[in-house]
Amino acid sequence: MFCPKLNAKFTLHRPSFLAAIFVNSSSVSPPFFHFSPIKNSSILQFSLHSSSTLLHEFTTCTVQQPINASHVVSRTRAEFLHAPHLLDEMPHRKYQSCEYTLLRDVFKIVQLVMREPKITTAAMVHALAAKQGALGDLYVATSLVTVYSRSKALTSSIALFDEVVDRDIILWNALMSACTENRAFRAAVDFFTKMVNQGNGFDPTTLVIVISAFSDLKNLRQGQITHAMSITAGMLSDTVLSNSLIDMYSKCGDLTSSERMFSSVEFKDTVTWNSIISGCFYNSHPYKSLLYFRHMASLENRADHMSISCAMAACTSLQEFEIGLAIHGWGIKLGYSESIYISVSNSLISFYFQLKDIDAIGSVFNGMAVKNAVSWNTMIKGFFLIGEAEEAFILLRDMQFAALIQPDIATMVTVIPFCAELVLPREGKAAHGFIVRREMASELSVVNCLINMYSKCGNIEKAEYLFSTMPKKDSVAWNTMIFGYAYNGQSSEARVLFKKMTGFCKNCTLPTLLAIVPSCDSPDSIRFGRSIHGWGIKLGFTSQLFALNSLIHMYISCDVPSDAFALFESISIRVDVTSWNTMIVGCTQKGHFSDALRYFDSMRKAPQIRFNPVTLVSVLSSCGNLGLSLQGKLTHGLALKTGISTHTRVQNSLVTMYGRLGDSESATSAFHLSEDRNLCSWNCAISAMSRNEDARRALELFRSLDFEPNEITLSTVLSACSHLGAVSVGKQIHAHVFRFRFERNIYISAALVDMYSNCGRLEVAERVFRSSPNKSVSAWNSLIMAYGSHSMGSKAIETFEAMVGFGIRTTGGTFTSLLSACSHAGMVEEGRAYYDCMSKEYGVVPCVEHRVCMVDILGRSGRIREAYDFVRKLPEGGEAGVWGALLSACGYYGEVEIGREVAEVLFGLEPENVSYYVALCNMYVAVGKWEEAVELRSRIQDKQLKKQVGFSFIDVGLR
C-alpha cells in the first residue's frame, strides 16, 4: 500500500464534493526520483479544529499570486504543446459546491500547494486528505496525482493512482500527463495502451498527451497510428489535437505531413500558426518559417511573442537582417516589448549577435525585467561566437554569483565545445568539475561534449576514461571517441574502435563516416581508406556531398591525388564551393601547389560558384611556395576587387606570401594596412621579417606586440635571434619562455637549441636539449646540426644513432643536418653511406638539399671530378643549387675547366644570378686568365647585374 497507509482501497460511490483546479507550472522536470513517505507522526495529527489553522499557515507561507485560468492551450516548441499542462486547459468534471467547511479548506490547501509544488508539502496535504477521508473522491485523487508529478515524484503519483479502483478518463489523463512531465514517455504510452485495453475509452486530451509522448520519442509510426485513431473517433475537429499533430510530425522530421495537417485545420488559431512556423525552423527550413509568418500576418492573425521569437530566429539563421529589424519593430508596435517577453528578448540577442551590434545586445539584455537561464546562455554563446571568450566567461561567472542562476545542461553543452575549439583545457576541467558537483554527469550530451573537449585539448587518456565508464553509449559517443583518436594521430586505435562500433551499432550514420575518414592520413592507410569508401557506397552515404568532400580530402592526405581528382571529376556536376575548397586546400597542404592553382582557375570558370576567403588563403599560400610573384599580386588584386581582402585570415596570408616571395616591404605594408589584426597577424609579420634576413625589424615588431605571445611567436623570435647571433636577446626570450610556461613545448625547445648553437653556445644548447621532457624530431635535428656546425661530426652521428634507437622517425631535415655535419667534419665515406641508405633503410627520398650536401662533401674533400660525375648522373640534369655547390668547390680548388662547364649550365638555369658570374670571374683571375675575366665583367655590366652586398653581425646589444 502507498503511504499514507489506508485501511482499504477506495471505491468511488458518491458524487464528488471537491473540484481540482490545475494551475499551469512553467517548470520542466528532470527524471523522477523515488520518494520515501514521510514518517513524521505530527503530520498525521490533524483534527477538525486544527484544519483552519493549517490553512492559515499554508496561506501565509505561500507566495500570493492570482491563478491565471485563461492560459493559452499550447506554446510553440519548448513552451507550447507540452502535454503535462494540457489538463489545465481541458474540460474537467463539473464543479459542485462543498458541503463541509473542513473539506473546502482541504481543497484550498491543495490549490496553494499546486502553486509551488514541493514533495514535503505534497505529502502533508496527502496526509491531511487521508485523515479527513477525502481520498475516496476522484477529484482529490486526481489533484494529488498532479501535485506529486509536479513535485518530481512520479513514483508517488503512480502509487496513488494504483490505489484508486473506479478510474475515469480524467484520472488516466492526469497520470499520463505526469509521466510526460517527468519525461517518462514510454511509461505514458504503456498506460495509454492499458487504458484502451481495459475499455475505458479516451478523449481528445488523452490523444494530445500520447501524441506529445510520441513526439519526444521521435516515434513517427506510432504517431501516425494515433492520428488514425483520432480520425476514426471523429475528434480531429478539436484544434488542440490538430496542433499537437502538426507539432508531432515536425518533430519526427516529416515536415510534409506537418504541412498537410496544417492545411486541413479549418479554424486556425495562433498556436496552429506557431506550430507550423516553429516546425519549419526545427526541420532546417527557416525560409519556410518566414513565408508562413508573412502569410499569418497577411490574414490579420495577431502574432504573439512566440511567433515573433521564431521569426527572429529564422532571420538570424538566414542572415536576413533587414527583415529581422522590421519584425523587431513590428513586435514593439504590437506591444511585445523585449523587456517583458523573455522569448522575444532571447531571439533578439541571437539576432543582434549575428549583426555584431554590441550596443543593441547590451540594450536588449540590460532592459530585460527578468532574465532566465536561456537568456544568459544566449549571451554566453554569442560572445563565444564573435571571439570574445573572456567576456563569455565573465558572463558565466555573473550568471552564478550576480543573477544567482545556476548553469544548466544547456549552459554546459554551450561552454564545453568552445573550450574544445579554443583549446582551453583549464577552463574545460573547471566545467567538468562543476558538472560532477551538479550531478549532470549522467547526461549523454554532456559526457559527449567532455570527450570531445579532452580529445581536442590533447588529453586522449581522459577522453578514453570517460568513454569507457559510460553506462550507455549512443552513436554520438562512439563517433566522438573515434574522431578523438584520429585527431590525436592515433589512427590504429580509431580503426579498432570503428570496427568494434560496427559490431555494437547496426545503424551507422554519416557522422560515423566523417569521424573515421580523418584516421586515413598517410600512404600506409590508403587500403583501409578505400574500404571505408566502399562501405560508404554500400550504405548510401556517398550520395551526400559532405561524405564525398571528406573522401576527396582523404585521398589527398594519403598522397593519392589521382584518386581524389578522379572522384572530384565524377561529381563535378553537383559540387559546391566546399568541394572546390577541399581540392584546393588539400593540394596546398600536401605540397601540390600547381594543382591547387589549376583547380582555382577551373573554379573561377565554373557557373554559380563563388570563391571565398578559405579559397584565397590556400591560393596565396601556393603562390608563395612556388615563388610566383606576379600570380600572387594578381590574387591580391582579386581579393581587393571582391572585398575579401578585409578578412583577417586573407590579410595574414598576404603577409606570409610576400614574406616567402622575399618582398619584405610589401609584407610590411600588408601588415600595417590590415584592420583587425590578431596574434596570428603579428606572428606572420615577424616570421616574414625573420625569413628575409631582416631579423632586427622582427625583434622591433616583437617589442611592439599588442598581444600576449604564444609558442609560435617565441619560436619565430628565437629564429630571428639565431640569424642575428644576438645571444643576449635570445636569453631574454628564453626568460619569456619560462614566464609563459612554454619550456615543455617541443617547438620552443628545438628553437632554443638552434639559437644557442648558432650563437656559439653549444654547451647551453646541449643542456636545453637534455632538459626537454618531450624531444621532437626538430629538437634532434637541431642538435645534429649544432654538432655539425661546430665540426663535431662524430657527435652528430652518435646523436643520429641515438635518435633512431629511441624510435624517432627520421625526416628529410634529419638527413640534411647529418650530411651537413659530415661535410663540415670531412667525413666523406660516412656521408656517402648515409646518402646511399637514406631511401632504402629510412624511407626518406633524397631531395635538392641532400644532393647539395653530397656535392659539398665531395667538393670539400677535393673530389671535384667525382662530384661532377655525381651531378651529371642526377635525373633531369640537377638543380641550380646542386650546380652552384659544385661551382663553389671548383673555385676553391682552382678547377677552371670543370668550373667553366658548370658555370655555363648555371647561366642557362639562372641567367640573372650575378654570384655565378662573379665566382667564375674570380676563378679566371686566380689562374691569371685576365682576358676571360674582363670579358665576363663586361657581360655582367651589359646585363646590369649587381652583386648583393655581404654583411655580418656581432652582438653588441640591441637598442
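In which sense, left-handed or right-handed, does H7 pass H8?

## The crossing of H7 and H8

In this predicted model, the crossing in which H7 passes H8 is left-handed. The two axes, that of helix H7 (residues 169-181) and that of helix H8 (residues 185-197), come within 7 Å and cross at roughly 160°. Angles over 145 degrees count as roughly antiparallel, and H7 and H8 are therefore roughly antiparallel to each other.

On the H7 side, the contact is made by Ile169, Trp172, Asn173, Leu175, Met176, Cys179 and Thr180, while H8 contributes Phe185, Ala187, Ala188, Phe191, Phe192, Lys194 and Met195.

The volume of the second largest pocket is about 640 Å³. Its lining consists of 16 residues, of which Phe384, Ile386, Gly387, Glu388 and Leu422 are the closest to the centre of the pocket.

Which helices each supply at least two residues of the lining of this second largest pocket? They are helix H19 (373-385), helix H20 (389-401) and helix H21 (409-421), and H20 gives the most, with three residues.

Conventions:
Residues numbered from 1 in each chain as written. Predicted model: local features only at pLDDT ≥ 70, side-chain atom pairs only at ≥ 80, totals over all residues. Heavy atoms only, no water. Axes fitted to C-alpha atoms, helices over the stretch in contact; angles between N-to-C directions. Helix = DSSP H or I, 4+ residues; strand = E, 2+ residues; numbered from the N terminus. Parallel < 35°, antiparallel > 145°, perpendicular 65-115°, else oblique. Left-handed = near helix turned anticlockwise from the far one by under 90°. Contact = heavy atoms within 4.5 Å. 1 Å grid on protein atoms, 1.4 Å probe; cavity = no way out; pocket = protein on both sides within 12 Å on 5 of 7 lines; lining within 4 Å. Points joined across faces, edges and corners; volume = space filled by probe spheres on them.
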